[in-house]
Amino acid sequence: MHADILIKNGSCMTMEGKEIKDWVAIGQSRIIGVGTENDYDTLLGEHTVVLDARGNTVVPGFIDSHFHVVQTALDSVSLDLSGVSTHDDVGERIREASKSFVGDYIRGIRLEEGQFVEKRFPDRKLLDKYCNDVPVVLNSLEYQVSMLNTCAMLFFKIPFTAEGIETDERQMPTGIFRKQANAILRSNILKNISDKVRKEAVSGIMETLLMNGITTINAMEGGFMYSDKDADFVFENSRNFPIDMELFYQTTDIDKIKSIGLKRLGGCLYIDGTLGARTAALSFEYADCPGTMGSLCFTQQEINEFVVNCYRNNLQLSLYTIGDRAIEIALNAHESALYQTGITGLRHRLEHAELANENQIKRAKELGIIFSMQPTYENYWGGRGKMYEQRLGERYLLTNPFRQIVDNQVVICGGSDSDITEPRPLLGIHSAVNHPVEQHRVDVYEALKMYTCNGAYAIFQEKEKGMLKPGWLADVVILDDDILKAPPDKIEKINVCVTIKSGEILYNSLG
Ligand SMILES: [Zn+2]
């Protein structure tokens, strides 16, 4: 059989151990051979497309294990306010946007209190000053807080009894919504979006993903803070996009999951909140808010009942846990479910697990639990002076302890949590290798595993993805440098120059 594509002169990291090969041959959608020097001669045919990797790294297509695809897509058509430093500048940007916007309202995203000289979020009065005739909705970076002008408050109809509506001294709503009110608002907005808009927006981000070497994502959709319509959309349409989307339906409705034939559930199925919003459940007080330890969304009993039900139905379960107190109750529930059912091998996951302590890591290993982590968080929030230190004080030294987790043989799969961080696996790998706390760093191989073979294992696809191996799907990426020889602090500068998905070259800047 002749190869359709031959990649030669590569430093091909097969991810099968540390084996490096020189070439990879592809026939139709599969890898048909890997080898050294030029023992590919018999595979060369008249129509073989030969790609010269010029000595650079070739790796399996990247798997982004935590990706909010509909949200990311919709955000790609929103106003990014992350670089703005005063409330009046936010107002000016909105006034500008109000002259030419698409749809029913103006949507601004990626705000953090800390970015403003005012050190708080802009409120209704400020927004009204710049725009009072079009609904304006602004979201904090992690979607825990929304800010509305008066027009939007009337347009989106939030019940005034909902928890989390901030009021001023005269009991008037300030336009800032948190908790339940924020979740109701978000689902009101998302459920009014048509699937046509979703499809256009999702199609629009595919090129970015392919440019970054991503060939599979775990699509975290639906549920609290999102809309089930997003999950239903991915369920019905995932085959119409060039990359693979594995749906994680963010619901506790086991009957629904079974009725549509899914083998897993969860994703951002919140056990606690975020460090940014000081809602992640800690076993200690927040350094910048004494008396606050975050909060749990379930009692131990509730979570126990739900988890054991997932075991009994043979479903892989993915729970969102950030603080050590949330990780603790999730592990307790798994231990109890395992004890009651004896069922193993479902590869349950904890999403984020940013503050797992040593005891919890060891228990996760015993339970076969996978940690689905976001190394780029460290790049954004880790180290001296950044958000983790503000919230946790000296305990910022404890976040995302990759080294310890890998040494305890807990599988880590890597994700971007897009659009919280950029969907760029090479930045994730860079962040894991250059963790600001030195003892938490891993090597390039260990970081690459998170985005290749470990990602495949975390969705039961390790027999066809995540390695360069004959028989495996031809999901292959060529980089523009040798990642093993590049200085560790320069990994983020490496680019993808070719992305092949199931044997098709979908991105190619080799020229
Ligand atoms: Zn998420």
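Okay, one definition before anything else: two strands pair if DSSP finds at least two bridges between them. Keep that in your heads, and keep in mind that what we're looking at is a predicted model.

So, strand S1, residues 5-8. With strand S4, residues 23-27, S1 has 3 bridges, and the two run antiparallel. In that pairing Ile7 stands opposite Val24. Then there's strand S6, residues 49-52: 4 bridges join S6 to S1, and here the strands run parallel. Leu6 is the one facing Val50 in S6.

And the side chains on S1? Ile5 and Ile7 point one way, Leu6 and Lys8 the other way, and all of them are buried, the lysine included.

What does Val24 touch, once you leave aside its neighbours within four places in sequence? The list is Ile7, Gly10, Cys12, Ile31, Val34, Val58, Leu468 and Val476.

That brings me to the largest nonpolar core, which has 124 residues. Ile7 and Val24 are both among the members that touch the most others, along with Ile271, Ala330, Phe371 and Ile412. Helix H10, residues 324-341, supplies the largest share of this core, 7 residues. Where does the core sit relative to the domains? Domain 1, 1-60 plus 467-511, and domain 3, 251-465, both give residues to the core, so it lies between them.

Apart from that one, there's another core, of 27 residues, including Leu138, Leu148, Ala152 and Ala181.

Ala181 takes us to helix H5, residues 179-191. The buried residues of H5 are Ala181, Asn182, Ala183, Leu185, Arg186 and Ile189. Covering them you'll find, among others, strands S11 (136-140), S12 (146-148), S13 (165-167) and S14 (173-177), plus helix H4 (150-156).

The assignment gives three, with domain 2 running over 81-178. How far apart are the C-alpha centres of domain 2 and domain 3? They lie 31 Å apart. The contact between these two takes 5 residues from domain 2 and 6 residues from domain 3. On the domain 2 side, by class, that's 2 nonpolar, 1 polar and 2 charged.

That's my lot. Over to you.

Technical notes:
Residues are numbered from 1 along each chain as its sequence is written. This is a predicted model: local features need pLDDT of at least 70, side-chain atom pairs count only at pLDDT 80 or more; totals for chains, interfaces and linings use all residues. Domain bounds come from an automatic or database domain assignment. Two residues are in contact if their C-beta atoms, placed from the backbone, lie within 7 Å. Ala, Val, Leu, Ile, Met, Phe, Trp, Tyr, Cys and Pro count as nonpolar, Asp, Glu, Lys and Arg as charged, and the others, Gly among them, as polar. A residue is buried if 20 or more other C-beta atoms lie within 10 Å of its own, exposed if 12 or fewer, and partly exposed in between; C-beta atoms are placed from the backbone. A nonpolar core is a set of buried Ala, Val, Leu, Ile, Met, Phe, Trp, Tyr and Cys residues joined through C-beta atoms within 7 Å.
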